Amino acid sequence: MGTKFKLKQKKQVGKDAALALLKRMLLIRRFEETLARLFADSEVKGFVHLSIGQEACPTGVCAHLTNDDYITSTHRGHGHLIGKGGDIKLAMAELFGKTEGYCKGRGGSMHVAAFDLGILGANGIVGAGLVLATGSGFSAKYQNNDRVTACFFGDGASNQGTFHEAANLASVWKLPILFVCENNGWAEFSPQSSHQKIEKVSTRAVGYGMPGVTVDGDDIEAVYSATADAVAWIRKGNGPILLECLTHRWEGHYAGDPQPYRDQDELQAITQHCPIERFKKQLIERKTITAAEFEALSVEVESEIGEAVEFGRQGTDPNPQDFMSYIYAD
Amino acid sequence: MSMGFNTIAGAISQAITEEMRRDANVVLIGEDVTTGIFGVTAGLVDEFGTDRFCDTPISENAIIGCAVGAAMTGMRPIAEIMFQDFLTCCMDPIVNQAAKMSYMSGGTFSVPMVVRSPGGAGLGAGPQHSQSLASWFMGVPGLKVVSPSSPIDAKGLLKSAIRDNNPVIFLENKLLYFESGEVPDDIDFTIPLGQASVLREGDDVTIVAVSGMVPRALRVADELGAEGVSVEIVDPRTLYPLDTETILQSVKKTGRLVTAEEGVMTCGVGAELAALIAEKAYDCLDGPIVRVGTPHVNYAYNQEMEWATIPDEQDLVRAVKKAIGQE
């Protein structure tokens with residue numbers, strides 16, 4: 001089977017990297033919290049799926065990607081967009097349905113895409129991004145350009161046929177794809193135990209002849225370290241890897257979901273898994289950063305989010321009569 | 001224009017070869033394409049290699065999904081789905097991904113890809129290897145739908161489809177693969193998408209015939225011509241965007257329309273054409289619009305039963321006579 005991929009001991013990050021990771025996670029958290037309020041106030045419409053609690057995964061993975069690398073995303077995709085360096089102003093404008101938004105108001109939450117950043121779109125169809133990733137992987141391999149595709153999906157999507165077809169094809173063709181399973185334990189309203197007879201989705205990798213590893217997805221340094229090694233291995237032309245990040249979905253399937261199906265005690269205690277608090281505490285204990293530095297970062301993020309909301313709110317409404325545009329490319 | 005002689009299968013193979021020579025981003029992926037179902041792509045791998053001519057696992061979702069992702073990232077893939085019936089296994093990447101990507105990204109992404117797929121009954125292949133599904137895809141905004149009936153059209157339209165910046169569903173007909181005719185050698189020869197072709201001029205009735213029904217309609221035109229009925233035959237060639245202008249012009253001239261498709265008539269190509277004429281040329285009609293196609297049923301394995309199902313020359317003659325009031 002050639003080179004073996006093995007998970008190494010996680011490494012601690014230095015101050016600059018730590019602050020960058022913290023800021024990115026905070027941006028995702030505050031973006032989502034703000035969105036929840038905007039949705040409750042009916043300023044943002046449609047269906048919104050929040051990724052609160054899952055910030056470490058897109059942040060740690062995308063930290064090892066350049067603008068030229070690709071990601072495919074999911075219905076719960078705001079974190080992936082922001083993790084990959086998406087502009088929160090353009091993202092917010094899209095959620096407000098404005099012309100300035102990433103998709104000029106045509107896509108919204110479930111379809112936000114950014115060509116220049118290699119973000120091949122959030123996706124309203126669970127598991128659809130898995131097969132699209134084989135395409136960007138194919139392009140990169142054919143064009144011999146070193147680009148990696150990080151393909152985000154959930155434990156629920158791992159039961160779609162597209163997971164099987166994509167994993168198998170990627171393995172057979174040795175495509176440069178990091179399959180990132182964000183296992184938050186819930187497929188819409190159903191717990192993992194009711195939808196698959198395995199605990200770790202990564203164990204499925206063996207069936208495709210590709211490496212599969214599982215990390216604590218709420219531990220940003222674990223995600224960051226594992227991805228560093230995985231992306232380096234993939235860039236060398238060794239083929240795909242399945243990286244599973246065990247994480248927690250704090251909110252319902254969609255914003256406003258009352259979650260009658262969840263254990264209330266578990267929900268009460270869920271913040272103990274907070275990837276931001278855990279990292280912050282470790283960094284302060286290690287004296288990598290100070291509490292004041294964290295506070296300054298929080299203020300900075302609050303301010304950027306505030307600007308993004310205003311940018312979105314003040315954006316230009318598209319002319320409703322332009323509804324026929326963009327259905328075909330020139 | 002220097003002309004060669006070729007079959008439809010050969011013309012398709014020529015179009016693929018020329019476009020792959022012209023543009024290094026054109027690749028072909030699908031099940032067993034190096035061997036080539038019906039021999040259409042057989043041997044091409046020798047020139048282009050397995051980097052560009054890629055046999056896939058039997059995974060239709062992955063074939064189309066891969067083509068969509070590749071098209072979004074700079075390639076111009078041709079994806080082959082071995083039988084039109086198998087398109088049902090990859091409806092999500094066709095309908096929700098390829099077709100909607102330009103629209104839902106506000107025009108930032110385009111999906112320049114072609115899905116080639118043979119259809120049509122008549123080989124005793126049974127209900128799951130015989131359908132003609134053109135009308136399913138005509139109703140999907142974001143897709144273009146092409147269905148050629150001659151070697152020259154197959155070559156010219158496939159080249160245009162490959163160069164188009166949108167997803168094009170290119171529907172071939174199994175029984176037509178070995179029909180032959182003149183094909184231009186010129187590598188710059190293309191036929192624009194969205195242009196119908198008037199194959200036979202006539203005054204009494206218009207038959208708009210699609211794919212496998214075109215040669216049948218031409219035979220009927222000869223037969224009825226001998227009886228003094230002058231039949232005009234229009235082949236739309238591209239079903240979306242449809243050349244409504246040419247079709248309307250013809251029906252306005254003849255005052256009568258017969259539609260001919262091999263697929264099921266319910267919500268079919270003929271239904272769309274009938275609606276077009278009813279909306280835009282109602283006053284010009286001198287008789288009822290008559291549809292020819294497969295009734296609401298599947299194709300049997302038993303060959304006599306299969307051919308009883310497939311619309312043929314007799315059905316067309318009956319339809320024309322009904323349209324001109326000679327029933």
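Of the 330 residues in chain A, 56% count as buried. The model is predicted. Chain A carries 11 helices and seven strands. Its radius of gyration is 19 Å, close to the 20 Å that the globule rule gives for 330 residues, so chain A is as compact as a globular protein of that length. Along the principal axes, the C-alpha atoms of chain A fill a box of roughly 55 × 55 × 40 Å. Among contacts in chain A with a separation of 6 or more, 76% join residues 24 or more positions apart.

**The side facing chain B**

In chain A, 34 residues are in contact with 34 residues of chain B. Two elements of chain A, helix 5 (128–143) and helix 6, each give two or more residues to this side. Helix 5 supplies the largest share, 11 residues.

| Class | Residues of chain A touching chain B |
|---|---|
| Nonpolar | 19 residues |
| Polar | 11 residues |

**A:Ala166**

A:Ala166 sits in helix 6 (residues 161–172) of chain A. Is A:Ala166 buried or exposed? A:Ala166 is buried, because 35 other C-beta atoms lie within 10 Å, and the cut-off for buried is 20 or more. Leaving aside neighbours within four places in sequence, A:Ala166 has contacts in both chains. Those in chain A are A:Leu130, A:Val131, A:Ala133 and A:Thr134. Those in chain B are B:Ala62 and B:Gly65. A:Val180 lies 14 residues from A:Ala166 along the chain, and their C-alpha atoms are separated by 13 Å.

How values were computed:
Residues numbered from 1 in each chain as written. Chains lettered and ligands numbered in written order. Predicted model: local features only at pLDDT ≥ 70, side-chain atom pairs only at ≥ 80, totals over all residues. Helix = DSSP H or I, 4+ residues; strand = E, 2+ residues; numbered from the N terminus. Rg over C-alpha atoms; globule rule 2.2 N^0.38 Å. Buried ≥ 20, exposed ≤ 12 C-beta atoms within 10 Å, placed from the backbone. Contact = placed C-beta atoms within 7 Å. Nonpolar A, V, L, I, M, F, W, Y, C, P; charged D, E, K, R; others polar.
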